[in-house]
Amino acid sequence: MSTTIDAPPALVWQVLTDTSAYGAWNPFMPVLAGELREGRRLEVRIVPPGSRGMTFRPTVTAAEEARELAWLGRLGLPGLFDGTHSFTLTPRTDGGTELTQREVFRGLLVPLGASMLRRTEAGFAAMNEALKHRAEGLAGRDGRVDATR
């Protein structure tokens, strides 16, 4: 799921990695705690539309500044229900950013979670739109996030 953001990748990255502010703007993922560094564990709370939500502890698999953030989460044992989540920031020729958020699910239990996966996809769309709104709204002249706006 992709969206075009009228802000440079460095600014979008600042918003994406300012996880302490997620509760203020992120309707899908109100909590993301932990160090965004490869090999580190995170605590992530997602609240898909029409769902109570869930908390899980994925491991960061990529954290390349202003380019990519990714993690691997598992439900139970490896191979039962694994999800690889990623955010990719691609610079645009107009100075903006193409943000792609995706999740690839694998495992034996994936076919049983079809309705949950549809709600999760709707959550990705809501988060992308909220991230776009925040990055574009907080863009200052120097390209840094202005938290007072």
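**Contacts, sheet and aromatic pairs**

Leaving aside neighbours within four places in sequence, serine 86 is in contact (heavy atoms within 4.5 Å) with Leu69, Ala70, Thr100, Gln101 and Arg102. This is a predicted model, in which local features need pLDDT of at least 70 and side-chain atom pairs count only at pLDDT 80 or more, while totals for chains, interfaces and linings use all residues. Residues are numbered from 1 along each chain as its sequence is written, and side-chain values use heavy atoms, with hydrogens and water left out.

Serine 86 belongs to strand S7 (residues 82-91); strands (E, at least two residues) and helices (H or I, at least four) are DSSP runs numbered from the N terminus. With 12% relative accessibility, serine 86 counts as buried, a term that means under 20% relative accessible area (1.4 Å probe, protein chains only).

An open sheet is formed by 3 strands in the order S2-S3-S4, with antiparallel pairing; two strands pair if DSSP finds at least two bridges between them. Strand S2 (31-33) and strand S4 (54-56) stand at the edges with a single partner strand each, so one side of each has no neighbour in the sheet. S2 and strand S3 (residues 43-46) pair over 3 bridges, and valine 31 has arginine 45 in S3 as its bridge partner.

The whole structure holds 3 aromatic pairs, where rings of Phe, Tyr and Trp (its six-membered ring) have centres within 6.5 Å, and planes under 30 degrees apart count as stacked, over 60 as edge-to-face and the rest as tilted. The rings of tyrosine 22 and tryptophan 25 are edge-to-face, because their planes stand at 70°, with centres 5.2 Å apart. Both residues lie in helix H2 (residues 22-25).

Conventions
Buried means under 20% relative accessible area, exposed over 50%, partly exposed in between (1.4 Å probe, protein chains only).
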